[in-house]
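Keep the sequence and the 3D view at hand as you read.

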Amino acid sequence: MEFLSKRERLVLVAIAQSGPSGTTYSQLSALGYILSKNTIQETIENLYLQGYINVLKDGDEIRYIASKNVRNAIINLEFHKYRLAKNLTELKKKVEDISKMDKQQQAIAFKGILKDLLSSISSSIVSLLDELPALTLPEYMEVLENLYKEFLSKLSPLIQESMTEDEINTFISLVSKYRGEKDAEEIKNTLQKIKGGTENQR
C-alpha cells in the first residue's frame with residue numbers, strides 16, 4: 001500500500017473540509033504558510049490525475065471538490081479521532097479513581113484500561129482500512145504518534161511482554177532478509193536501548 005505524501009494529504013484534507021461545494025485556488029492559498037504556490041498547484045494536478053478531486057468551472061471561477069470517496073473517508077477518520085478523544089477523556093477519569101487504590105491494584109487496573117484503549121485503537125485502524133487508507137491511516141497514525149509521545153510511552157511498559165533473546169534475534173534476521181542489513185542494525189540498536197531502559201526501570 002502506498003500512502004499519500006504529507007503535502008498531498010494537507011491539500012486533499014483542506015479540499016475535503018470544504019464539503020460538496022468545494023473550494024477555490026485562492027482559498028487554498030491559505031496553505032501558503034506551509035507550501036509554495038507552485039507546490040499547491042502541482043499537488044492539485046496530481047490529486048486530480050489520481051481521481052481524488054474533481055474540477056468544476058463555475059462561471060469565471062474554478063472549484064476543486066473532493067471525490068465522494070474522499071469525503072466519506074474523512075467522515076470515518078474524524079469519527080475515529082473523536083472516539084479516541086472520548087476514550088482518553090474516560091481514561092483520565094478512571095486514572096483518578098485508580099490513584100486511590102493500592103499499588104498492586106493500580107497495576108492490574110492500569111493494564112485493563114490500557115488494553116481496552118489499544119483494542120479500540122486497533123478496531124479504528126481496521127475500520128480505516130476499508131476506506132481510502134492511503135489518506136486516513138497516515139493521518140490517524142500522526143495522532144497516535146503524538147499520543148504515544150505524550151502519554152502511552154509512559155504507560156505501555158505495563159502491558160508489553162518483554163521479547164526473549166531468541167525472539168529479538170529472529171525478528172532482526174527477518175528485517176535483515178526483507179529490508180537489508182542497515183535497517184536491521186538500526187532496529188537492533190533501538191531494541192537494545194529499549195531493553196536497557198526497561199531493565200533500568202526495574
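Glutamate 78 and lysine 81 sit in helix α4 (residues 68-98), three residues apart, or about one turn of the helix. Helices here are DSSP runs of H or I with at least four residues, strands are runs of E with at least two, and both are numbered from the N terminus. The side chains of glutamate 78 and lysine 81 meet in a salt bridge, with 3.5 Å from N to O. By salt bridge we mean a side-chain nitrogen of Lys or Arg within 4 Å of a carboxyl oxygen of Asp or Glu. Glutamate 78 is partly exposed at 38% relative accessibility, and lysine 81 is partly exposed too, with a relative accessible area of 28%. The cut-offs are under 20% relative accessible area for buried, over 50% for exposed, and partly exposed in between (1.4 Å probe, protein chains only).

Before going further, please note that this is a predicted model, in which local features need pLDDT of at least 70 and side-chain atom pairs count only at pLDDT 80 or more, while totals for chains, interfaces and linings use all residues. Residues are numbered from 1 along each chain as its sequence is written, and side-chain values use heavy atoms, leaving out hydrogens and water.

How many salt bridges does a search of the whole structure find? The search finds six. Side chains of opposite charge can pair when their charged atoms come close.

Now turn to glutamate 142, which forms a salt bridge with lysine 6, their closest N and O atoms lying 2.9 Å apart. This pair links distant parts of the chain: glutamate 142 belongs to helix α6 (residues 133-155) and lysine 6 to helix α1 (residues 6-16), 136 residues apart. Glutamate 142 also forms a salt bridge with arginine 9, where the closest N and O atoms are 3.3 Å apart. Here again distant parts of the chain are linked, since arginine 9 is in helix α1 and glutamate 142 in helix α6, 133 residues apart.

Is each partner buried or exposed, or in between? Glutamate 142 is partly exposed, with a relative accessible area of 28%, and lysine 6 is partly exposed at 40%, whereas arginine 9 counts as buried at 7%.

Finally, look for the nonpolar patch on the surface formed by Tyr48, Leu49, Val55 and Ile62, which together have about 390 Å² of accessible area. Accessible areas come from the Shrake-Rupley method with a 1.4 Å probe, and for residues only the protein chains shown count as cover. Patches take residues with over 30% relative accessible area and no salt bridge, joining like charges within 9 Å and nonpolar side chains (Val, Leu, Ile, Met, Phe, Trp, Tyr) within 5 Å. Isoleucine 62 lies in strand β3 (residues 61-66) and is partly exposed, at 31% relative accessible area.
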